[in-house]
Amino acid sequence: MSGFLHKLEQFAEDIPKGLDHTIETVEGLLNPNRRHDSPQEKQEDMIRAEINASHRFHSFAAQRSQNFVKWHVDGHDYMYAVSEMLESARECIFILDWWLTPELYLRRPPAYNQEWRLDRVLKRKAEQGVRVYVVVYKEVTQTMSMSSHHTKEALEALHPNIACMRHPDHIGSKDDVEFWSHHEKVVIVDQHRAAIGGLDLSFGRWDTHTHPLADVHPTDFSRTLFPGQDYNNARILDFKDVPNYVSNGLSVVESPRMPWHDVHMTFVGPVVLDVVQHFIERWNEIKRRKYKDDNRYDWLALPHDLNASPNEAVAMHPHREQWHKIGRRFKQRFHQMHWHAQPAYNEDDDPTLYARPPHGTCRVQVVRSVSDWSHGVLTEASIQNAYCELIREAKHFIYIENQFFISNTKVDSGPVKNLIAKALADRIIRAGQEGTKFKVVIVIPEVPGFAGPVKDETAVKIIMAAQYRTMNRGGSSIYEEVRKAGYEPMDYIRFYHLRAYDRINAPYPSLIKQMEEKSGIKFHQAMAALARMWVGQREGKEDPVDVSVVIPTGNINTEPAPSGAKVELKTESYPLPQTFDEARDIVNRFQHGADALRSDEPVSDNVIQHMLTDRTSLLDEQWLGTEDEERFAYVSELLYIHSKLMIVDDRRVILGSANINDRSQKGDGDSEIALVIEDEDMVETTMDGQPYLAARFATTLRRSLYREHLGLIPPQLCQGPNEPVTSFMRPAPHANDDETGTSEDRLVADPLADETIALWNDTARQNREIFTEIFRPIPTNLVRNWDAYETYVPKVMTDHVVPNVPLARVKDRLSVVKGALVECPLDFLIDQKDFVEGPDWLGLNPTLPIYI
């Protein structure tokens with residue numbers, strides 16, 4: 001009874017709070033434009049509108065010249081570069097992120113890079129006097145698992161110089177935001193170096209060009225690349241209990257991780273000022289709404305020097321003078337006048353850290369998606385404007401990689417509003433009318449990155465339906481519009497995915513079980529001890545004290561899995577060893593359990609490297625366990641595409657955080673940022689066999705992506721304590737090595753050459769045929785309706801080899817796979833009309849905007 005009365009008392013105390021929250025919510029709903037209705041606010045909006053109207057794409061920022069921009073493909077290279085950027089900080093670090101994991105290792109293997117965990121880097125810099133400002137998306141906790149609360153608590157516990165804001169609020173305030181997120185991925189150091197692209201500083205994003213699916217190393221745990229929750233497969237299981245970052249919700253011995261392909265940029269030059277402006281506007285707006293009276297969160301001043309550059313549009317900024325008076329200021333080092341006023345050498349202006357202008361050859365413009373909820377401004381959709389204009393102006397070729405592809409070919413028709421698909425269809429039809437060769441290549445994930453089967457998971461099904469409605473069905477898709485105009489769409493535009501295979505080195509009966517018996521240590525107990533080693537010295541009050549591991553029971557559940565049967569799992573928890581030495585002793589004892597058995601050295605922990613240009617073949621790989629164990633060890637998974645880029649004519653690039661869907665493109669949904677890059681450093685090449693000048697940034701990025709997807713690169717191995725640092729791992733202004741003269745590069749240099757097109761399409765077709773035979777992944781052209789879906793999905797554990805395929809056939813066929821490129825199955829569920837039709841697509845589903 002006393003407990004009940006205590007709860008009742010708490011409830012009574014909370015009633016006024018609840019009423020206050022309800023009143024706040026109602027006020028926000030009744031007056032959504034309350035920040036834009038006074039005379040002063042209207043005047044400020046007019047000023048911003050005037051600024052935007054004076055710029056291409058109606059962006060807040062103008063195009064700037066003399067910037068140095070470099071691309072980084074995949075998390076391994078970018079996160080090493082960002083580790084160097086952060087370590088170079090002398091004054092301030094600004095970070096915008098959808099998800100930030102403090103415990104993320106920027107350099108790997110973690111066994112040799114303990115000091116390069118993100119929280120330790122930021123703590124080290126804060127102790128040196130650097131101010132760190134972080135804004136992360138405050139997720140809807142009922143549906144998302146990132147735990148921004150943990151991010152904020154963990155970071156701010158490190159040092160008073162670190163401040164972390166969460167935004168937006170979702171319930172009980174005037175600024176309720178139910179659907180939308182802050183989606184930018186931005187790092188700025190000393191207002192001089194910056195990074196923008198698709199990679200969050202979070203679990204699941206770090207990956208090499210090799211994209212291993214497996215990370216089991218029975219006799220040498222120091223090779224582990226993906227510790228704890230960083231070993232993840234979002235198609236099987238979403239992240240859980242993120243604050244316990246050493247726990248693993250996925251069985252490493254039976255389930256592959258989902259590999260992650262992404263692209264990011266680092267850059268220096270005056271365009272950094274516009275990215276700084278974007279961050280400071282966001283920071284000050286959130287401070288005004290949520291942290292106005294909290295001294296931990298400074299007001300920040302814009303960095304622009306109007307004495308040196310009086311004609312910049314920021315001179316008209318409605319808050320510049322006020323922020324200049326009250327805000328903390330940091331140096332900016334881009335205007336020539338600044339250098340003339342400085343002594344020959346100043347430690348704070350070390351030219352090796354802060355290179356003098358001019359910085360490079362790229363003309364760059366910042367574009368963004370922002371609105372009142374996200375930024376306190378009227379809606380700006382300059383990213384969509386840039387996409388559409390660049391597509392309309394394309395002369396030869398467009399290459400797109402994106403996490404989603406949801407758009408419309410019709411104005412004001414249906415629930416999808418962005419018109420990128422219309423721009424593509426119109427440009428293709430014009431090429432048909434003119435009789436000119438024009439190609440569009442689009443690479444998107446096979447399946448959206450949500451757990452659950454296509455047939456049963458709402459998010460997966462709706463997103464896939466929306467994408468097929470954009471591509472080739474539903475009445476107004478790109479393919480249908482092109483066919484209505486009298487042209488064959490496959491002659492102009494094609495879609496592709498990425499998929500990989502690997503082998504998990506975890507033969508249980510013949511090795512691991514015997515190691516457990518010899519050492520007296522269970523494999524998962526050793527994994528728990530390894531997790532303790534990742535924790536290192538305790539950093540904060542939330543550090544985990546135990547670790548959970550997932551163990552397969554050997555049974556199969558009757559409920560469906562994403563592709564195949566669902567294995568029954570059980571979770572066991574172990575206390576973390578109290579000391580690092582105790583943990584190391586447990587790991588060593590387990591590893592030495594193999595001493596009296598056999599060497600594991602001849603057996604590769606991964607075989608995915610044979611999809612690339614490796615010195616050996618898959619057929620050369622040894623296996624010292626049983627044949628059944630090896631057959632079970634082969635796995636396949638989609639290679640998740642998270643990049644957000646478009647390359648036009650090998651001359652112009654748009655790259656950032658924005659997906660091709662309404663959430664990212666409308667402006668009043670998710671907040672986004674991107675760069676439009678046009679390099680003036682030209683490369684002599686050909687386009688459709690004719691002499692052509694391509695822009696170095698655009699053409700080298702496109703060729704690098706082609707070579708990776710076609711397997712025309714060597715494996716990227718990340719091993720041991722002394723990994724060689726390549727030019728691609730260094731941040732701007734360190735240039736990437738010039739690979740334009742290599743034999744592999746020549747194979748993909750001309751995107752319109754018949755030979756290049758044949759290589760691309762033949763590789764995609766052959767790889768698709770092999771994966772279909774060995775693993776039967778979804779989607780596939782062999783499944784044209786839900787009845788076929790039920791009979792097609794194999795009754796084996798998700799991502800494993802289908803029944804009745806002999807091991808020799810598995811190895812023989814997989815040895816032929818080159819690169820990860822596979823065809824997009826355009827006929828998947830083509831006969832299931834209700835898949836892409838019905839009330840959802842008539843605008844009758846109020847939750848549809850969440851997904852599209």
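This briefing covers the overall make-up of the chain, the confidence of the model, and the surroundings of a few selected residues. The structure is a predicted model, and its chain averages a pLDDT of 90, with 89% of the residues scoring at least 70. The pLDDT is below 50 over residues 1-15, a stretch that has zero contacts in the model beyond near neighbours in sequence.

**Overall make-up**

- The chain contains 24 helices and 23 strands, and of its 852 residues, 62% are buried.
- Among contacts between residues at least 6 apart in sequence, 78% join residues that are at least 24 apart.

- Where pLDDT is low, the predicted coordinates should not be read in detail.

**Asp662**

- Asp662 lies in helix α18, which spans residues 662-665, and among the residues that it touches, not counting those up to four places away in sequence, are Ile406, Pro415, Val416 and Asn418.
- The contacts of Asp662 also include Ile852 and Lys417, and in the case of Lys417 the side chain of Asp662 reaches the backbone nitrogen at 2.7 Å.

**Gly269**

- Gly269 sits in the loop between strand β8 (263-268) and helix α6 (271-290), and this glycine counts as buried because its relative accessibility is 0%.
- Leaving aside neighbours within four places in sequence, Gly269 is in contact with Gln66, Asn67, His192, Phe334 and His359.
- The C-alpha atoms of Gly269 and Arg64 are separated by 8.6 Å, while the two residues are 205 residues apart along the chain.

**Cysteines**

- A disulfide is a covalent bond between the sulfur atoms of two cysteines, and the structure holds zero disulfides.
- Cys164 counts as buried because its relative accessible area is 0%.
- Cys824, with a relative accessibility of 7%, is likewise buried, since the cut-off for a buried residue is under 20% relative accessible area.

Notes
Residues numbered from 1 in each chain as written. Predicted model: local features only at pLDDT ≥ 70, side-chain atom pairs only at ≥ 80, totals over all residues. Heavy atoms only, no water. Helix = DSSP H or I, 4+ residues; strand = E, 2+ residues; numbered from the N terminus. Polar contact = N/O pair within 3.5 Å; in protein donor to acceptor, adjacent residues only side chain to side chain. Contact = heavy atoms within 4.5 Å. Buried < 20%, exposed > 50% of the residue type's maximum accessible area, 1.4 Å probe, protein only. Disulfide = S-S within 2.5 Å. pLDDT = per-residue confidence, 0-100.
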